[in-house]
Amino acid sequence: MKSHPRPISPHLQVYKLQTKLPPLLSIVFRICGAGLMVGGTFFFLLWIVAAGTGPEAFEAVQNFFGSFFGYIVLFGLTVLVFYHMCNGMRHLLWDTGYGFDMPTVRKTGRIAVGAAIVLTLLAWIIGLSVYG
């Protein structure tokens, strides 16, 4: 009997994530949570510390957030918040025992992505029309 070399542990290269929505959404959900934890906390603390430091520091941070790069950062954080929230609701449904069959998993995954996109765009359209 000839044995074939097999990987010692599973690697991401083995899976075709581009064709399988549920594992891809699961990985992105975890990345979004980590991104919110790190990025959201950093920018929130930057803003709070600047506000406590004085008007010059606060104005500098506000100018950064109002710049093109600041808008990109804030838009990215908004996408993370809404995707994490929508997929978190999906996980809450799973906690009740609903939606474990594959057609429902795929359908709710698409709904979560679509809702995150729509909510992000709505938040930015409304925010820029009111404050922009």
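This report covers a nonpolar surface patch, the aromatic pairs and the accessibility of selected residues in a predicted model.

**Nonpolar patch**

Met85, Met89, Val118, Leu119, Leu122, Ile126, Val130 and Tyr131 together make a nonpolar surface patch of about 800 Å². Helix H3 (68-95) and helix H4 (102-131) are the elements that give two or more residues to this patch. H4 supplies the largest share, 6 residues. Tyr131, one of the patch residues, is found in helix H4. Tyr131 counts as exposed because its relative accessibility is 75%, and the cut-off for exposed is over 50%.

Helix H4 also holds Lys107. Between Lys107 and Leu21 the C-alpha to C-alpha distance is 9.9 Å, although the two are 86 residues apart in sequence.

**Aromatic pairs**

The whole structure contains 9 aromatic pairs. One of them joins Phe43 and Phe64, with 6.2 Å centre to centre and 10° between the planes. This pair is stacked, because planes under 30 degrees apart count as such. The pair links distant parts of the chain: Phe43 lies in helix H1 (residues 21-53) and Phe64 in helix H2 (residues 55-66), 21 residues apart. Both residues belong to a cluster in which ring pairs link Phe42, Phe43, Phe64, Phe65 and Phe69.

**Accessibility**

| Residue | Relative accessibility | Class |
|---|---|---|
| Phe43 | 19% | buried |
| Phe64 | 27% | partly exposed |
| Lys107 | 55% | exposed |
| Tyr131 | 75% | exposed |

Phe43 counts as buried at 19%, because the class takes in values under 20%. Its stacking partner Phe64 counts as partly exposed at 27%.

How values were computed
Residues numbered from 1 in each chain as written. Predicted model: local features only at pLDDT ≥ 70, side-chain atom pairs only at ≥ 80, totals over all residues. Heavy atoms only, no water. Patch = residues over 30% accessible without salt bridge, like charges linked within 9 Å, V, L, I, M, F, W, Y side chains within 5 Å. Areas by Shrake-Rupley, 256 points an atom, 1.4 Å probe, with all protein chains shown as cover. Salt bridge = Lys/Arg side-chain N within 4 Å of Asp/Glu carboxyl O. Helix = DSSP H or I, 4+ residues; strand = E, 2+ residues; numbered from the N terminus. Buried < 20%, exposed > 50% of the residue type's maximum accessible area, 1.4 Å probe, protein only. Phe/Tyr/Trp six-rings, centres within 6.5 Å; stacked < 30°, edge-to-face > 60°.
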